[in-house]
Amino acid sequence: MNELQKIWLDAYRGYLKAASATGEHCPSDYDNAHEHADAVLNSLAKAGEGAK
């Protein structure tokens, strides 16, 4: 697993932990976690482009 995949997975898992302390999730929680993790990677990509 490369570094970007690890960041994505950490963001995904972190969102799910924040969404429910009991670990019970509805289907939309998984969709939202996926969108959040994608947004994290997009932000990192944009930040990297600005640093060039």
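Helices here are DSSP runs of H or I, at least four residues long, numbered from the N terminus.

**Figure 1. Overall fold of the predicted model.** The secondary structure of the protein consists of two helices and zero strands. Its radius of gyration is 13 Å, well over the 10 Å given by the globule rule for 52 residues, so the protein is more spread out than a compact globule. The C-alpha trace spans about 40 × 20 × 15 Å along its principal axes.

Figure 2. Apart from neighbours within four places in sequence, Ala37 contacts Trp8, Ala11 and Tyr12. Pro27 is ten residues from Ala37 along the chain, and the two C-alpha atoms are 16 Å apart.

**Figure 3. Thr22 in the loop between helix 1 and helix 2.** Helix 1 spans residues 3–19, and Thr22 lies in the loop between this helix and helix 2. With a relative accessible area of 65%, Thr22 is exposed. Its side chain makes a polar contact with the side chain of Ser20 at 3.1 Å. The Thr22 side chain also reaches the backbone nitrogen of Glu24, at 3.4 Å.

**Figure 4. Surface and charged side chains of the protein.** The accessible surface comes to about 4,000 Å², and carbon and sulfur atoms account for 54% of this area. Of the 52 residues, 13% are buried. There are 5 positive and 8 negative side chains, with the centres of the two sets 9 Å apart.

Key. Residues numbered from 1 in each chain as written. Predicted model: local features only at pLDDT ≥ 70, side-chain atom pairs only at ≥ 80, totals over all residues. Heavy atoms only, no water. Contact = heavy atoms within 4.5 Å. Buried < 20%, exposed > 50% of the residue type's maximum accessible area, 1.4 Å probe, protein only. Polar contact = N/O pair within 3.5 Å; in protein donor to acceptor, adjacent residues only side chain to side chain. Rg over C-alpha atoms; globule rule 2.2 N^0.38 Å. Areas by Shrake-Rupley, 256 points an atom, 1.4 Å probe, with all protein chains shown as cover. Lys, Arg positive; Asp, Glu negative; His and termini not counted. Charge placed at Lys NZ, Arg CZ, Asp CG, Glu CD.
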